[in-house]
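Here is a short note to read beside the structure. Take the points in order and find each element as you go.

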Amino acid sequence: MARELAINIYLVCFKILFSIFKLFPLRDKTTFVTSFGDNCQHIAEEMDEQDLAIQKIFLIKSSSHIQVKDDGKTIVLPFETKHIIAMIRSIYHLATSKWIIMDNYFGFLSAVTFKKPVICVQVWHAAGAVKKFGAKDPSVQARSTRARKRFLNVYQQFDYVTTGSEKMAEIYQESFQLPDSRILRTGIPRTDFFFNEEAKQDARQALLTKYPELKNKKIILYAPTFRNADLNSGNIALDLALLFKELQSEDYAILLKLHPAVKTEHDLEHKFPGFVYPVTGDFHVNELLISTDLLITDYSSIPFEFSILQKPMIFFAYDLQEYEEERGFWEDYPSSMPGPIATTTEELLEKIRAADYQLEKVDLFNQKWNQYSDGDSSKKLVEFLFPQK
């Protein structure tokens, strides 16, 4: 009840300010609203590459890892924080920009109506979907009628949603309750990275500069899905001690990519020397994937992009039944994942030893989810949005 009241007060204030600023004329501005960053980063860089005469505004959540500078021409503001002046400025730019690009769900959309020429584009932060989200998220049913209506109002503000595949286009139509005409089949902007040989070499070199001893090692990336229960417990389901005992003598190394909010032991790198490397805040996950020989994950969206590289994966789904009941899956999990599934560390170790990674499934998975992501996704989107600029 208190949560709903706080949300409603915030939205009322937002709506009032937006309505005032909406009286101002629209400008040749693109406002990016980002809580992840990578898709927006690639779009902005493509805009620079094409030398478009359009001002860029970045409204950045604290979780975003986008790298942009406020140089006067480009404006960077913290978004949805306690910085009142920054919020007022943010609302002004949202009300006076001709283009709005965002990479996540933002509740303020339920309280505003853009002028007709304005184009609002959702560049969702995942290239594919394992678990259900949006209108199909099982947890939504437990929310109030007002909350569910608010969610739908947000989705209706999306003039377009970018997709990398027909499968994801279908999911967006269900999740956001949108017609097919609002789906842009341009591909996922951040996947352009995987087709850029220079960028990939730079990413590889950056990792080796920090950890030169990894040059001749077989690198395993463990990147589990964020779980609320792990936030303060620091729990890592993978038995690192067992893997250290069995694999460290065979030139394996594990890069540990956890959610930044998850608190873990600070001495893992010293506890398992030359074997475990916590890399949570050091590198973007796509940069790590370039050097990864084997990905271990569970229900995250990382496999969708990793499949472009045609490398092996193992799915460590130790809480499969519980997670499926809580979140719901789009497809049958065991049969749709592009690799073997393990539920214990012992079983995972057996899969690594057997090295039967079912790479033919990786290729089919890539074709299914990345059919429009061909290395020119950012260019295609920018040319669609700014055809005469």
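1. Start with a term. Contact here means heavy atoms within 4.5 Å. By that rule, Leu 242, Leu 243, Glu 246 and Leu 247 in H8 meet Thr 345, Glu 346, Leu 349, Ile 352 and Arg 353 in H14. The residues of this contact of H8 with H14 are five nonpolar, one polar and three charged. Keep in mind that the model is predicted.

2. Now the geometry of that pair. Two packed helices are described by the angle between their axes and the distance between the axes. For helix H8 (residues 240–247) and helix H14 (residues 345–354), the angle is about 30° and the axes are 10 Å apart. Angles under 35 degrees count as roughly parallel, so H8 and H14 are roughly parallel to each other. H8 passes H14 in a right-handed crossing.

3. The axes of helix H1 (residues 2–21) and helix H3 (residues 84–96) come within 9 Å. They cross at roughly 55°. H1 and H3 are therefore oblique to each other. H1 passes H3 in a right-handed crossing.

4. Which residues of H1 meet H3? They are Tyr 10, Phe 14, Leu 17, Phe 18 and Phe 21. On the H3 side, the partners are Met 87, Ile 88, Ile 91, Tyr 92, Leu 94, Ala 95 and Thr 96. The contact of H1 with H3 divides into 11 nonpolar residues, one polar and no charged.

5. Turn to the sheet. Strands of a sheet pair through backbone hydrogen bonds, either parallel or antiparallel.

6. Strand S2 (residues 55–60) and S3 run parallel and are joined by four bridges. Phe 58 has Val 76 in S3 as its bridge partner.

7. Last, the charged pairs. Side chains of opposite charge can pair when their charged atoms come close. How many salt bridges does a search of the whole structure find? It finds 15.

Technical notes: Residues numbered from 1 in each chain as written. Predicted model: local features only at pLDDT ≥ 70, side-chain atom pairs only at ≥ 80, totals over all residues. Heavy atoms only, no water. Axes fitted to C-alpha atoms, helices over the stretch in contact; angles between N-to-C directions. Helix = DSSP H or I, 4+ residues; strand = E, 2+ residues; numbered from the N terminus. Parallel < 35°, antiparallel > 145°, perpendicular 65-115°, else oblique. Left-handed = near helix turned anticlockwise from the far one by under 90°. Nonpolar A, V, L, I, M, F, W, Y, C, P; charged D, E, K, R; others polar. Pairing = 2+ DSSP bridges. Salt bridge = Lys/Arg side-chain N within 4 Å of Asp/Glu carboxyl O.
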